[in-house]
Amino acid sequence: MEDRPHKPHRPAQSGSKAEKKGKGKEKAHGFNEKAFAPKSGRRADRQGRRKVEKDQTRLHVPLVNRTPDDEPPPVIVAIVGPPGVGKTTLLKSLVRRYTKQTLNEAKGPITVVSGKKRRLTFIESNTDLNSMIDIGKVADLVLLMIDGSFGFEMETFEFLNILQSHGFPKVIGVLTHLDLIKKAATLRASKKALKKRFWTEIYQGAKLFYLSGVLNGRYPDTEILNLSRFISVMKFRPLVFRNTHPYVLADRLEDLTSRELIRTTSGKCDRTVTVYGYVRGTNLRQGMKVHIPGVGDLDMKSVTKLGDPCPLPDADSEKRRKLSEKKKLLVHAPMSDVGGVVYDKDAVYINVPGSFTRGNGDVPQGEGEQMVTDLQDAGRTLDDAVAQSQIRLFGSSSRHLALEDVHMDGVESSDSGLDDDEEGEESEDGSELGSDEELDEEEGDAEVDMEKLRSDPRNTGRTTLRDVSRNIPSSSKKQREEIDFAESDSDLGDEDAEDFGVSKRARFGDEDEDVDIPSDDVGSDLDDEDGAEWNPSSSNLPHRRRRRKDWMKLIYSTSLTPEQILSHGGESEAEKVNQDEGDDDDFFRIKKKDDLSRGEELDKTKEALKEQDLKQWEDDDMLESIRHLFITGESNLEETGAEVDENGEPYEEEGGDFEDLEAPDESPEAGPSSSRDDTETIRAANLAAKKEALKRRFDEEYDDPEASKLDFYDEKKEEMARQLQLNKAEFEGVDEESRALVEGFRPGAYVRIELADVPCEMVEHFDPTYPIVVGGLLPAEERFGYVQVRIKRHRWFTKTLKTNDPLIFSLGWRRFQTVPIYSLDDHSIRMRMLKYTPEHMHCYATFYGPASLPNTGFCAFNSLSGNTAGFRVSATGVVLDIDRSVKIVKKLKLTGVPFKIFKNTAFVKDMFSSALEVAKFEGANIRTVSGIRGQVKKALAKPDGAFRATFEDKALMSDIIFLRAWYSIQPRKFYNPVTSLLLSNKSAWTGMRLTGQVRHAEGLKTPLNVNSTYKKIERPHRRFNPLVIPKKLQAELPYASKPKLMKPQQKQTYLQKRAVVMEPEEKKAVALLQQMRALRKDQVARRKEKKEGKRIVHQKKVDKEEAKKAEKEKEKKKEHMRIAGQKSKRQADLEEGRSSKRRKT
Amino acid sequence: MTQKAGLVHYSGHQYLRTRLVLSILSGKAVRIDKIRSDDKNPGLRDFEISLLRLLEKVTNGTVVEISVTGTALLLKPGIISGGPIIHDCPLARSIGYFLEPVIMLAPFAKKPLQLTLRGITTDDNDLSADLIRTVTLPHLQLFGISDGLELRIKKRGAPPAGGGEVQFLCPIVKQVKTLNFAEPGKIKRIRGIAHAVRVNPQFSNRMIEATRSILNRYIPDIYLYSDVYKGDESGKSPGYALTLLAESTTSALHCSEAVSEPGIAPEDVALRATRALLAEINMGGCVDQKHQTMVLLMMVLGSEDVGRCRMGPPTLRTIQFLRDVRDFFGTSFKIVPAEPSNVDSSQLIYSCYGTGYVNANRTLA
């Protein structure tokens, strides 16, 4: 044992030990730069170039992301795949992963919070092609599910093609049913094959997930966790179409039509419908037209922003890095059964558990239970509510009818009561708010300080009174307060009494009236006593009277004419208008003179120069006063000296670079010396700072001229960032409501869209598993016209496409059937119609339909129904042009025959039928079949339609003469939107059929034109006489042109004449050779015969084997089919079982 | 105002041009009635009809329906096609009346526009050809419409007989840039064009002298060109005019113009123009008063970003224009004082959220 050598130590090659020792030390040395240094200069050059190229490929065209970063809408994660692949299981697993809740049934979009900055909306697509199209247009991330045991299916490829033509969102592949493959080698091979195919379809290296088996009706938690991690770090690049259109994926639909109307029309009336969802894409503006794919174009009656049902955790609720467990429970899925509440189109269903009792508060309640208990908690009776409710005489009247002796407290209590109960109403009309004060506070530019108001002991009572109109011009607010107070309290004894003259005005006018009073005079009436209180800052100003006009209010919310707005102190005009409206009861009115005089006014761009305005410029002082507006003038530091802001910079900082440094003492007015010194010092400091900055800049630029320069890409990116910053900042202070007016609803807002005149079928046949996408339309897209597209038939689509056959386009938001005409550009001269799309080539198609912007992609289908065999995407392409007319032509050949021929002139008949037609074509180019070109000259009198034509050479009587003309054709004005959502069976939409299909269905035969049938062409053999050249002419011809005619040879040549006589030896040799050849021939024949026999034997053997093999194959096929049958049966059983289970619950 | 979707309804003959332009750009049909219905001579005037015909030429598929009395008008806009167009303007209005709406449309046409207009080049009511060339077109450059933008004055034509000819070349754009123009800057140079046709060429020099007498006190960088057209190029009537423009350090432009009147010396004409220019400069802002509507329109048509511009108080036309824009595009402006702390300043900041208007008429490939 001793002599046996010890086993030498082998250091660990892997594991923790190996990492701990040697490798760790090596790493500590760091990156060895020498190792990667290029050896030769040429190599270095090449490496450098490669690096730069790689950098460039990484860059993308900078694209503005319209979705705000701070509160983005949920990311739409669509789960797509063939039936039975496990979509619902995956959805439930993911929802379970994020919310720790198990969904009973998952229908419609499900929104969950996935992280501190991200929410996800899951939506499961059904296998209807219509749904796949709609989902492909809105999904940000697609989980493409593939049955690993089966492989790719046609739907998967169709869906990928749809994605491709509508901007490619991110795609993650998910392979399921891998547990069905038992053999490890087969599993590996099939994974590899599927991955390869997937990569070629998406891109090399596309992410593909493998989900093994199903545990407890869910996929294994670790695998789902992995998938969710990938989803949470996914980055999204904005897609062009979605970055220019707002859209909403509706997660809830509600029918608002009055029940009575539905009853009287037995459900056939147009409905008013509200849809709820997050705004995505760009800002959704009021008054926009929207398109719901499957329904049609609709008008948005109103849009309101609602509270976020699934809010992101905000900064103070969530201080930790990770999302707290509590937030994880948030899920918003109105159409699925979450927390016992299901929202249907016209009802809300609340499921409560079997043992439902009130009062055991320790058990956590679901949302539904909460609702029920709240209902049971109703504090007041209906009678109470009625007694305390308020009735307004008119919709527009500002005050409710109230008994005079209602005490202040009573009003107050009713207010609070209302606040509790009528939340809904508040949000509806928003006018009778107890929280009006809050609203007022929100108005940023409020000149009246409400806080001051409240703290003022005189005003304590007022805060409880509400004001109806919301669009209060800020300047008139104070007046309004005064008036209300005076009227409601009849407490006129105090100092407000002096305003009574103003406040006596009726308060029942509409909002406009309130707005019309820019109240300058009122303000000045009041400011003696408490003006300073209202607005301490304004009292400092020298001209109290010159309050600014609120242009926005004057322009947008009054009905004053522009003249009235502009005329100085517009309020007097406003009064006049009010007065006019006041005495409306005069039925007839005298037409005013000025109406007529205004009729003569011209639409001028240059306004007439006003003499007195020009006169003032004759004054030298006036001329001097604008000197500061020129670069040679000084900055207006002296004038605005008091208004230098904290930075010590004057407001007009722009001209600073050019200010007159040489003459700083040239200030026109000599103010008090102290203030002047102040301004001087400030000025000097300014100047010093400016010089310092300039010096710094110069130094920087001088030291490193490249450093400050940005390349084009960075410049663009910075520009975009700046613009986004500006967008954010500009409307920062503006209140929510007017902000919505100016810029619409930003992406990320949860909105409720009210749609008018919705077809009743949409509501009646509503199915939450079909997605409802509300897509905003740009103004250009509302219009119809001829759309020219570049189109290519899909290479997997088996048939060619024919001009004037209906085709279903998915273009923009829309899906519609239309009739395209295919064409090709003919040498840039004309667009020439094609009967069929060319193979492997793009062509143009022109159809009538809604316009969309050039460069929008589309895909086309011949049929959307699920029972079509084969690939359904028939063509893809891109929009090129929109127009109101088209210039597509097809060739038309008119033929005729000559009936009389002169030298170069021929009389042609049978081309036209009348002289008029000929007149139309005078001067047209014609041609004979043999290629002689000519021209139509003039009609002949005798045979109708015959004409005289001239040619460049003499035409033959046997020639056919033709005229090539171009006949312009128009596409048919046929547009048929695919209204699949309106059907009870949503996948059964049928559009216009092909003529052939109609004939087939009707059992009609194709009409056959006799002239169109093909017959055998009989061409009589033409004999031509030999060319005869007269002898005399021949003699005169030069030798080269002379016909070389030779007489046939008469004498035999020597070779023909001689006889051959052989020598005897020679004869013998020839004979021997002949014998040998005969022997050889015989031998070959015998050998061949033998071979043939052998071949026959062999053939027999082969045949036998073949038959055996076929038998085996048949057996194998049988086995395969048996397994497949079993699988489908199992599936059906499973389906049945599931549905029966559902029925049980 | 809107009666039903896609149709905007107005009354009265005023502001016809901007309404037609807005209709064509937005694609919404417009119906205008009560056009001078109370007038002795009711209905559309010849120049308005001519404008409609011009718009028909510029567009493809536009349907104009005019009532029998001419007091009502329905315009269903087509697409803006552009291309080479020739139009004879009636002598009631100058070329500026017709060119102004076309300038607003031309950048969004299918093909670059080459428009030849014949008629009066300078008159009292509308922008003269000089002003359009030197002031209006540079305003378009703010929005990224510059390459190939040109106005050629082939012939001048003074009222009443006209005889002038201009050629307007305009490129097409995909989308106009967003404007952010809040710094008026200071006036750094003044330019002017004095032209005289069929009168003593000395007139233009006299005008220049008079103008210099006032403006020389401000800056030295003043160039006033004397532009004399002779013979066939000078039109059919005598006349002269002075066009002035002041450019600031941030290339804000202010302009003024005065046109000859019978019985008024050229010096007086020049003084009027000069004083009008000073009044305009005093008004301040980044955009000239006469060009407010055009700049605001281009801001509305900008990308979906916030555009800002500093201008003086709105003119009559501008106020109505702002309202009309809201009817057609649904865009309202935020208008706030430019210097909230300075009470004397009447300048305003106009800001709006662009509609993201993309030239859908443009042909690809």
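In strand β3 of chain A, A:T121 stands opposite A:I76. The structure is a predicted model, in which local features need pLDDT of at least 70 and side-chain atom pairs count only at pLDDT 80 or more, while totals for chains, interfaces and linings use all residues. Residues are numbered from 1 along each chain as its sequence is written, chains are lettered from A and ligands numbered from 1 in the order in which they are written, and side-chain values use heavy atoms, with hydrogens and water left out.

A:I76 belongs to one face of β1(A). This strand covers residues 75-80; strands are DSSP runs of E with at least two residues, and helices are runs of H or I with at least four, both numbered from the N terminus. β1(A) and β3(A), the latter formed by residues 119-124, run parallel and are joined by five bridges. With β4(A), residues 141-147, β1(A) also pairs in the parallel sense, over four bridges. Two strands count as paired if DSSP finds at least two bridges between them. In β4(A), A:L141 stands opposite A:V77, and A:L144 is the bridge partner of A:V80.

These strands belong to an open sheet of seven strands with mixed pairing, in the order β6-β5-β4-β1-β3-β2-β12 of chain A. At its edges stand β6 (208-210) and β12 (331-332), each with a single partner strand, so one side of each is left without a neighbour in the sheet.

How many of the six residues of β1(A) are buried? Six of six are buried, where buried means under 20% relative accessible area, exposed over 50%, and partly exposed in between, with a 1.4 Å probe and protein chains only. In a regular strand, side chains alternate between the two faces of the sheet. In β1(A), A:V75, A:V77 and A:I79 lie on one side and A:I76, A:A78 and A:V80 on the other, and both faces are covered.

The surface carries charged patches. One, of positive charge, gathers A:R1080, A:R1087, A:K1090, A:K1091 and A:K1094. Patches are made of residues with over 30% relative accessible area and no salt bridge, with like charges joined within 9 Å and nonpolar side chains (Val, Leu, Ile, Met, Phe, Trp, Tyr) within 5 Å. A salt bridge is a side-chain nitrogen of Lys or Arg within 4 Å of a carboxyl oxygen of Asp or Glu. A:K1091 lies in helix α34, residues 1064-1144, and is exposed at 64% relative accessible area.

Methods: Areas by Shrake-Rupley, 256 points an atom, 1.4 Å probe, with all protein chains shown as cover. Lys, Arg positive; Asp, Glu negative; His and termini not counted. Charge placed at Lys NZ, Arg CZ, Asp CG, Glu CD.
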